[in-house]
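Look at the sequence and the model shown below. A briefing follows, grouped by topic.

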Amino acid sequence: MGVDGIGARVARKEDRRFLTGKGRYTDDMSVPGMKYAAFVRSPHAHATIAGIDATAARAMPGVIDVLDGRQLLADGIGNLICGWMIHSKDGSPMKMGAWRPLADKTVRYVGDAVAIVVADSVAEARDAAEAVVVDYEPLPVVTDPVQALADGQPQLHPEAANNLIFDWELGDAAAVDRALAAAAHVTELKIFNNRLSPNPMEPRATLGIYDAGDDHYTCYTTSQNPHLARLVMSAFYNVAPENKLRVIAPDVGGGFGSKIYIYPEEIVCLWASKRTGVPVKWTSDRTEAFLTDAHGRDHVSTVKMAFDAGNGITALKVDTIANLGAYMSLFSSCVPTYLYATLLSGQYDIPAIHANVRTVYTNTVPVDAYRGAGRPEATYLLERTMETAARELGLSPAELRRTNFVRSFPHQTPVIMNYDAGDYEASLDAAMAAADWSGFAARKAEAEGRGMKRGIGMSCYIEACGLAPSAAVGSLGAGVGLWESAEVKVNMVGTIEVMTGSHSHGQGHETTFAQLVADRLGLPIDSINIVHGDTDKVQMGMGTYGSRSGAVGMSALAKALDKVEAKAKKIAAHLMEADESDIVIEDGALKVAGTDKSVPWFQMALAAYTAHNLPPGLEPGLKESAFYDPANFTFPAGCYICEVEVDPETGRTTVIQFVAADDFGNIINPMIVEGQVHGGIAQGIGQALLEEVRYDDSGQLLTASYLDYAMPRAEDLPSFTVSTSNTPCPNNPLGVKGCGEAGAIGSPPALINAITDAIGNNQLTMPATAEKVWAAAQTGN
Amino acid sequence: MAKITMTVNGRQVSGVCDDRTLLVHFIRENLGLTGTHVGCDTSQCGACVVHMDGQSVKSCSILAAQAAGSAITTIEGLAQNGELHPVQAAFKAHHGLQCGFCTPGMVMTAVDMIRRHGSALDEAMVRAELEGNICRCTGYHNIVKAILAAAHEMGGVRQAAE
Ligand code: FES
Ligand code: FES
C-alpha cells in the first residue's frame, strides 16, 4: 500500500475547488442566449383545470413564451413513470395513475406544475408566472393515508379504487399466526414513521439546451444518476433520442435520494428549449423544494412480535400503510416493499415473518427514497419493538438482542435476504464499551440530583446495500439492471483517467476511486483523475444511491484495473524480454520479480501508444473497461447507542452522547467513512427530534420553509463517537459493504429508545419535540 | 435600474441591476462569482454569507444597492496567492465538507467568528455561532473540529507575531 492507498486518510482531492468557490453546480452554469424559467404551480391540493389564460403573462416585460400541458401533450411528451413493478397479493399489477410533466386536466398536490414561463430574468419569469390565470375547480382533498383508504374519500386516480396502489405481502402468514397463537409473550406496538424532506442544501436545478444545428440536446441537472436520466427521458418521455441527448450532472450539492428521480422540470425545460429556441435554466427556490422534491418515509404500521419461553423471537407480523403521495415517483414502489420488508429480520434469527404493505395515493407531494430508503423504516419498527419487548420481559435491551442474534453465516431470512457475513455481537460490545453502558446508572442518579431525567437507548441495524445484482432486482420487479461500469484510460505519459458510472455528490469519489488506482499501481494520487457525471464521457452507469458506489462502482473499477494490469504486464514483459507471469507492478514501475529489471509505468504507457515495439498481435493503446454485477447485496450492520437528558420542566431533549459502532467491511478512506456516518446520524437525529413535513386538511404544506421545517443545526447535535469493525464482504473483490446510509438508519430508534427510557413512557412518536416529550413525561407509561 | 459600484475581493467593480436585486444575485449573476450560494429564501441557511466591510452578512438579505460603496469579500477572495486561508486549510484537513455547497458560507462565517473570538472559541461557542448556517452533509462534527483547529492555529500565529 502506498501512502495514498486503500485504508489511508487521504485528504480529498475535490476539496480545493469547493473551498475556493470554484465548484461548478448546475445553477452556476451559463451559456450564451440562456433564458430563465419559472413554473406556474397549483395552489390547490386537488382541482380540475377548466382553462389556462396566459395572454397577460405573454405581454409582460422580458417574457419569451408561456407553455402549458396542452402543448406538451401535442408534442407527444410522455408521462412520468415508476420503474419498479409491484404486484398485489391477488396478482394484479400496481395501479399507476397518469403523471403529466405539466398537468393538463387535474392537479393533485399543492405545487403540481401547470405551466412554464421563459423570460429574460428569473424575476421577470416569476412575475409573469404570477400573471398566468388558471381556472381551477377545486375538488375534495385527502392527505392522510389511512383515511384515504376508507370508502367515500376523494379519489385521486381512476385506476386506483379507494386510492389503493397495491396490497402486497411477503412471508408466511399462516406460520406467523401459528407462532403468535403459541407464544409465551407477544409485544404489540403501533409505529409511525414521520414524513421528511431530504433538503440537500443545493436546490434542484436544470439547464436544457437544444442545438438546432446538430439537432442535439444537452441537459445539465442536479442528478445522482445522469445515465438513468438520459435513458428515462429518451425511452419514456420522448424528449430526445438517447443518442442525441447528453446529460451532465456536474458538482451536485447533496442528494440523499431526492436527486435520483427524474422530475417534471428537467423534462419540461429541455422540451421548452426546443420550443422556444433558447437555452432554458430553472433553479428551485427552497419553498419549491419543499413543495416538489420527493419526500421520504411516511409509514403507519402495527407490529406483533412473538417470543417463546426462552425469550427467543418466534415470529414477526407487520402491517404497514405507506403514503406515496399524489403520483408514483420513479422508485417509490420498491421502497416500502423490497427495500423495507426484506430487512424486517434485522440482526435476528426469526423463523417466521409476514409483512403486509398497502401503498396509498394522497394529495401530497410524491414520496420516494430518502437516505436509507425502506431500511430506516424497517429498523425503526424492529428496534422500537425489541426495546419495548425487553422492557416487557424484564430484560436488558442488550441481553434480549444477544439472545436473538444471527450467529452463523450465510443466513437465509424468511424474507428473501441471504446475509453473507457479520459479527453483530462485536458491534454491540464495541458500542457498549464506548458508551460506558455500565456506568449509566451512576450518571442517571447524578442527573436526577439536578432534576433531569436521563435515558439510554440502543439500536442494532442491518441494511442491504450495494444495490444490485441485476438478475435479483429484475426478478423482484426492477425495470433496470443495477450493475456498474468503469473505464480506465492510461494516457500516453502514464497519467490516468477513470470514467465511472457512479456519481459523487458529497461522497468524495474523486479521492476514494483514485486511492484504489494509486494502491494498485503505486502511482501518485495527483496523476489520477476521476471523471463522472457526464453521459458523453462515461460509457454507461447507474448512478449513486443505496451505498452502491464502493461495492458496485469501485468493484467495476477493480475489474477494469485487472485488465489494464494484464495488458501492461504483457507490454512490460516484452520490453524486458521476461515472462509475463514474472512481472509485478509496484511503486509506479513494472518489475521482473526477483531481479533488478524494471520499466517505469510511464515508459510502458508510452510504449503502448508509440506501438513501435509491442508483442506481436497486441492492440496499441491502454484503455480498458468493465461492467460489474455482484452476486448479492452487501450487509453493513452496527450498533448505535444514544444517551439523553430530558428536562421535565420543558420537555427539551439534549443528546449527551451518541456512539456508533459499524461494520462496513473493508474501508478505503476512514476519514470519509466517518464523515458519512456523522452526516447520517445528523439526519437520523433530525428525524427523531425535529423534522416533519406537515400538511393541513386542505392539503396546504405547513412546512414549506426553513422557518417551519426544523433542520438540525450545530447546536442541536453533539460530537459523535464512531468506530468500525471490519468483517470483509465476501461478495465483491474489495470486501467493502457501504457506509452512506447507516447513520440515518441506526440513529432514530436509538434516540427514541433513549427518550422513552428517560421519561418512562413508551408512547412517543417522532419527531420527539419538546412539547410531545413534555406531555408524555407528565403521564408516565 | 441602478448602477452600482463596490469593491469586491480588492477590485473595484460596477454593474447595472434592478433596484430589487439582492447582493447575492449581483455577486453571482453580474460578477460571475458563483462561489457564493443560495440555499433558501428565508435567510436561514447561510450558504450566501460574505463579508461586507469586514463583517459577515447574509448576502441574500441585503439589496445590491445597499452594498454600493462597500468592500465585499467573497469566498473567491479568501485564498491569497494560491495559498488556502487557514480556515480553508483546516476544513480540508478535518474533512469539514462533503458536497461543498454550504462550504463557502460556512468558511466565511468561521473566519468572522474567529476574528471576533480568536482562540477563546470552544466547542459550545462554535456550535452557538453556527446558528445561521445549515449543513446537511457533515453532521457539523468535522466543521466544529475544523473551526476550532483554525482558531487555535490563527490564535497561535497571532500570538507568535505579537
Ligand atoms: S441563501 Fe442566504 S441564508 Fe439562505
Ligand atoms: S457539505 Fe453539503 S451541505 Fe454542507
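Where is the place of Pro767(A) in chain A? Pro767(A) sits in the loop between helix H19 (742-759) and helix H20 (770-779) of chain A; helices (H or I, at least four residues) and strands (E, at least two) are DSSP runs, numbered from the N terminus.

This is a predicted model, in which local features need pLDDT of at least 70 and side-chain atom pairs count only at pLDDT 80 or more, while totals for chains, interfaces and linings use all residues. Residues are numbered from 1 along each chain as its sequence is written, chains are lettered from A and ligands numbered from 1 in the order in which they are written, and side-chain values use heavy atoms, with hydrogens and water left out.

**Chain A overall**

- Chain A contains 20 helices and 28 strands.
- The radius of gyration of chain A is 27 Å, close to the 28 Å that the globule rule gives for 781 residues, so chain A is as compact as a globular protein of that length. The radius is taken over C-alpha atoms, and the globule rule is 2.2 Å times the number of residues to the power 0.38.
- Along the principal axes, the C-alpha atoms of chain A fill a box of roughly 85 × 70 × 55 Å.

**Backbone details in chain A**

- Met766(A) and Pro767(A) are joined by a cis peptide bond, with omega about -10°.
- Another cis peptide bond joins Phe409(A) and Pro410(A), with omega about -5°. Pro410(A) lies in the loop between helix H11 (397-404) and strand E16 (411-412) of chain A.
- Asp298(A) is not a glycine, yet has a positive phi of about 70°. Its loop runs between helix H9 (286-292) and strand E13 (299-307) of chain A.

**Salt bridges**

- Over all chains, the structure has 55 salt bridges (a side-chain nitrogen of Lys or Arg within 4 Å of a carboxyl oxygen of Asp or Glu).
- One of them pairs Asp215(A) with Lys244(A), at 2.9 Å from N to O. The two residues are 29 residues apart and lie in separate loops: Asp215(A) between strand E9 (205-211) and strand E10 (216-221), Lys244(A) between helix H7 (226-235) and strand E11 (245-248) of chain A.

**Chain B against chain A**

- 47 residues of chain B are in contact with 57 residues of chain A, where contact means heavy atoms within 4.5 Å.
- About 4200 Å² is buried between the two chains, and carbon and sulfur atoms give 54% of this area. Buried area is the accessible area (1.4 Å probe) that two parts lose on being put together, summed over both.
- Four salt bridges are counted between chain B and chain A. In a salt bridge between Asp27(A) and Arg28(B), the closest N and O atoms are 2.8 Å apart.

**The two domains of chain B**

- An automatic or database domain assignment gives chain B domain 1 (2-77) and domain 2 (86-161).
- The centres of these domains, taken over C-alpha atoms, are 22 Å apart. Their contact takes 18 residues from domain 1 and 14 residues from domain 2.
- The area buried between the domains is about 1200 Å², with 59% from carbon and sulfur atoms. On the domain 1 side, His37(B), His51(B) and Ile75(B) lose the most area, together 39% of what that side buries.
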